[in-house]
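Subject: Structure handover

Dear colleague,

Here is the structure for your files. My notes follow below it.

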Amino acid sequence: MTHRSRSHPATPLLDRRAILAGVAGLALAVAAPGPAQALSPDEARSFVRETIDEVVALTTGPGSADQKAQKFLAILERRAALPQIARFAAGPTWRDMSKAQQDDYVAAFKTYLANIYAARFQEYSGQKVDLGGVDDLGKRGVEVASTVSGGGTAPIAVSWVVSDRPGRTVIADIKIEGVSLLITQREEVAGILSKEGGIDGMIAFLRSV
């Protein structure tokens, strides 16, 4: 796959922390409708730890950005509800799309996520993630606190919201210094939509990155 050089909305915190940029894709797992299960704090912590370890292994392992993009997409497919992710990121525009446009958009959005985050993996410089306390958020899930440190920059507070509402465990959001990456991704897609002049232009852009 050859990526065309086109600018896209940047997330400064993700640029500072490439490992968080990679894991950020997992922050977008929107819980599908369904009853919450009995997710324990230990289960939530274990899921976060496993997710971090899997992404770090991919980041530090061999392979080009294109190869890592494909592997990262596989991680997203297993650990995130990608169709719901795409729909949330589209916001109200989702209702303005035809069925064909919705299908094209979801496919393009998946590729876009995998490509932009895999490219940022190349900037990883040895950060580590230490897990902290756990809070029960009720129907919203369980929030796991952590601190990311190393790589020559100051430590940064990150919290992980874990949910099992889709019938499986997913990371429902990541908050970096209190800023929700789920909301940030929605804002980025809105920016692309505006810049590219509409739905078809947005889809074409997502495919090209």
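Is Glu177 buried, partly exposed or exposed? Glu177 counts as partly exposed because its relative accessibility is 47%; buried means under 20% relative accessible area, exposed over 50%, and partly exposed in between (1.4 Å probe, protein chains only).

On provenance: this is a predicted model, in which local features need pLDDT of at least 70 and side-chain atom pairs count only at pLDDT 80 or more, while totals for chains, interfaces and linings use all residues. Residues are numbered from 1 along each chain as its sequence is written, and side-chain values use heavy atoms, with hydrogens and water left out.

The protein chain contains eight helices and five strands, where helices (H or I, at least four residues) and strands (E, at least two) are DSSP runs numbered from the N terminus. Their order from the N terminus is α-α-α-α-α-α-β-β-β-β-β-α-α. Of the 209 residues in the protein chain, 47% are buried.

Glu177 sits in the loop between strand S4 (170–176) and strand S5 (179–180). Although Glu177 is not a glycine, it has a positive phi of about 50°.

Thr184 belongs to helix H7 (residues 181–196) and counts as buried because its relative accessibility is 15%. A polar atom of the Thr184 side chain lies 2.9 Å from the backbone oxygen of Ser180.

Regards

How values were computed:
Polar contact = N/O pair within 3.5 Å; in protein donor to acceptor, adjacent residues only side chain to side chain.
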